[in-house]
Structure formats: structure tokens, C-alpha cells
Amino acid sequence: MVSESNFPLISGYLSLDLVNTEVVRNGTRYDLLTKSEDVINWVNTLLEENILLTKQISDNVQEWSSQVLPILREIRSFLRKGYESLADGEDLSEGWINYLETVIEKAPFTYKVENNELIPVPIGQPSNVLISLVALDAIKLYTSNKLSSIHRCANPSCVLLFIDTRGRRKWCSMRICGNREKVTRFQRRQKQE
């Protein structure tokens, strides 16, 4: 799923979508989370896409967005390093799970049932709640073995990561890199003719 916003929500997994808030456009790497307004927009996009649910976080993001920004960027860096290691066929660093468990301890969970589904709802400071949900998502990806299917985009200048359980996908998204590659090949053929 690719959101119409500036955020490439290509995975449906909170932790991976956080990692993918660093993008490359026209050869330059951009951080999509540089100010509190970016956090507000990202959270609103996650809510619109039902990746986050309103029950899970404080509805007044404006109050805690500036507090959570540096923590989000820190955990994003941590997750990127681990996810890229896995995508490159390496193992996670020792202590990876322990770090995420420590993050969750700052906002442990209670649960609500909605539409016959168990929804984790962190309890704690609003700035820790979002981080706790990100850490839980990463641990779930690990324990479900979905991280064994994590890949880098086939476009060497793209930094986006994705999970492909079928083994056929090469691009982060056809709308982002796959289409660009098709256009580039078409233009090469046109020049050769």
C-alpha cells in the first residue's frame, strides 16, 4: 500500500514504515521526520491507513510530537541497521530484542477487543506510547519470522525496505521504483532506435 502522502507506506508494518521515512529522491537522501509537524503528519497518515488505531495513541499528537521526534529518529536508526543487516543476509546484533523490550517497558500494554481482534494499547507517557507500538511491531515481525523475507529495493539508489513472502518482488513499489525502471528501459530502447 502506497499512501498518497509523502510517506511511502509500502509495508503495512509500523516499524518498517518508520524505517522507510528516510527516502532518496533525485539522488539525495531525505529524512521525512525532521520536525514535530512531520510527526503529526506521519501519525495522521498511519491513522488514515489503519496502521495505527485511535484507541492506541493519545489523540492530541500536537502536545507530544516534539518530545517523540528524537526518540523516533533514534529507534528508526536502530531498526534500519538491524533490518538492513537482515536484508544483506547477516544476523541481528546481540541485544536487538532486549533493546526493544526495554523500549516497551516504558509503555507496557493493555488490550482491547475490536471486531473480534485483540488490539494492543500502550499505557504510559504519550511520547513513549508510539515508540512502544513500533517496538512491539518489530518484535512481532521477528517472532513471526517475517524478517527472514525482508529485502532492499532492486533500485540501487533506493533505501526503502520491504517484506516479500512470495519471493517474486524486486521493487519497493511499482509506483515508486518499478515504474521508474520501466520508463528508463523504454527511454533506452527509444534512443537505440
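Five aromatic pairs are counted in this predicted model, where rings of Phe, Tyr and Trp (its six-membered ring) pair if their centres lie within 6.5 Å, and planes under 30 degrees apart count as stacked, over 60 as edge-to-face and the rest as tilted. Phe78 and Tyr99 form a tilted pair, with ring centres 4.2 Å apart and planes at 40 degrees. This pair links distant parts of the chain, since Phe78 sits in helix α3 (residues 61-87) and Tyr99 in helix α4 (residues 96-105), 21 residues apart. Helices (H or I, at least four residues) and strands (E, at least two) are DSSP runs, numbered from the N terminus.

Trp96 and Tyr142 are likewise tilted, their ring centres 6.2 Å apart and their planes at 50 degrees. Trp96 lies in helix α4 and Tyr142 in helix α5 (residues 126-143), so the pair ties together parts 46 residues apart in sequence. Trp96 is buried, at 2% relative accessible area, whereas Tyr142 is partly exposed at 43%; buried means under 20%, exposed over 50%, and partly exposed in between (1.4 Å probe, protein chains only). Ring pairs join Phe78, Tyr83, Trp96, Tyr99 and Tyr142 into a cluster.

The backbone has its own points of interest. Most residues other than glycine have a negative phi. Asn26, however, has a positive phi near 50 degrees; Asn26 is in the loop between β1 (22-25) and β2 (28-31). Asn115 also has a positive phi, about 50 degrees, and is placed in the loop between β3 (109-114) and β4 (117-122).

Residues are numbered from 1 along each chain as its sequence is written. Local features need pLDDT of at least 70, side-chain atom pairs count only at pLDDT 80 or more, and side-chain values use heavy atoms, without hydrogens and water.
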